[in-house]
Amino acid sequence: MRKIITISRQFGAGGGELGRRIAQALELPFYDKDLILRTAMASSTLSPEQVRRWDERVPTTFGLTQSLFDFYNRPLSDKLWEAQVKAIREIADKESCIIVGRNADYILREFDHCLHVFVHADFEWRVDRMHGLMPDTPMDKLRANVKAVDKARNAYCTHYTGRHYADATNYDLTLCTSRLGIDAALAHILHAAEHI
């Protein structure tokens with residue numbers, strides 16, 4: 001039976017690292033940014049450059065005067081959302097895997113063989129962790145970036161799913177990496193994965 005683990009995360013909380021380590025431990029394919037390219041390939045109207053530009057952003061040009069039924073006139077990010085949904089479902093239909101981000105928890109909410117995880121951490125812990133990864137970036141800029149990415153992810157999630165991405169009721173398991181640490185969070189996820 002297939003096993004699919006989706007990981008949603010606050011910026012800097014370690015969700016990407018956890019996804020890679022889970023994939024390695026379970027010997028499963030890992031999809032993160034490379035999913036963007038799959039999304040572009042799944043759409044005949046989007047190039048990889050367009051997909052990267054619009055990744056996880058809410059359309060700014062969406063207005064009441066725009067027809068919701070005219071596919072070719074919709075904002076590019078609406079086309080991207082549909083291509084992304086198609087790509088994620090196609091992956092989940094054929095193989096076990098780990099998917100980080102992209103609202104995969106929502107897209108695969110009807111799949112029985114999934115474990116949906118949310119990784120979060122205290123704000124300053126996330127800033128310190130990002131500082132360790134990008135030591136040349138000033139701390140005030142890192143703080144602003146962490147806030148901006150969290151805000152953009154939440155807006156994107158709310159726009160396309162109608163849900164708040166940090167709502168624990170959307171997930172099977174939520175983990176605070178600033179309290180548990182990455183290693184303990186990994187152990188919890190791997191234990192939970194045994195039961196899907």
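On a 1 Å grid over the protein atoms alone, a pocket is an open set of points where a 1.4 Å probe fits, with protein on both sides within 12 Å along at least five of seven lines, and its lining residues have an atom within 4 Å of a point. Grid points are joined across faces, edges and corners, and a volume is the space filled by probe spheres set on the points. The model examined here is predicted, so local features need pLDDT of at least 70 and side-chain atom pairs count only at pLDDT 80 or more, while totals for chains, interfaces and linings use all residues. Residues are numbered from 1 along each chain as its sequence is written, and side-chain values use heavy atoms, with hydrogens and water left out.

The largest pocket holds about 230 Å³ of space. Among the 16 residues lining this pocket, Arg9, Phe11, Gly12, Gly16 and Arg153 are the closest to its centre. Two or more lining residues come from each of H1 and helix H6 (123-133), and H1 provides the largest share, 4 residues. Helices (H or I, at least four residues) and strands (E, at least two) are DSSP runs, numbered from the N terminus.

Attention now turns to the interior. A nonpolar core is a set of buried Ala, Val, Leu, Ile, Met, Phe, Trp, Tyr and Cys residues joined through side-chain atoms within 4.5 Å, where buried means under 20% relative accessible area, exposed over 50% and partly exposed in between (1.4 Å probe, protein chains only). The largest such core has 22 residues, of which Ile5, Ile7, Leu18, Ile22, Val117 and Ile189 touch the most other members. Strand E1 (4-9), helix H1 (15-26), strand E3 (97-100), E4, strand E5 (173-176) and helix H9 (182-193) each give two or more residues to this core, and H9 gives the most, with 6 residues. A second, separate core of 18 residues includes Ile88, Ile99, Phe111 and Tyr156.

Two individual residues complete the picture. Histidine 120 belongs to strand E4 (residues 114-120) and counts as partly exposed because its relative accessibility is 25%. Histidine 120 lies 54 residues from threonine 174 in sequence, yet their C-alpha atoms are 7.6 Å apart in space. Serine 96, in the loop between helix H4 (76-94) and E3, counts as buried because its relative accessibility is 18%. A polar atom of the serine 96 side chain lies 2.7 Å from the backbone nitrogen of lysine 3.

Key: A polar contact is a pair of N or O atoms within 3.5 Å; within protein, one must be able to donate a hydrogen and the other to accept it, and residues adjacent in sequence count only if both atoms are side-chain atoms.
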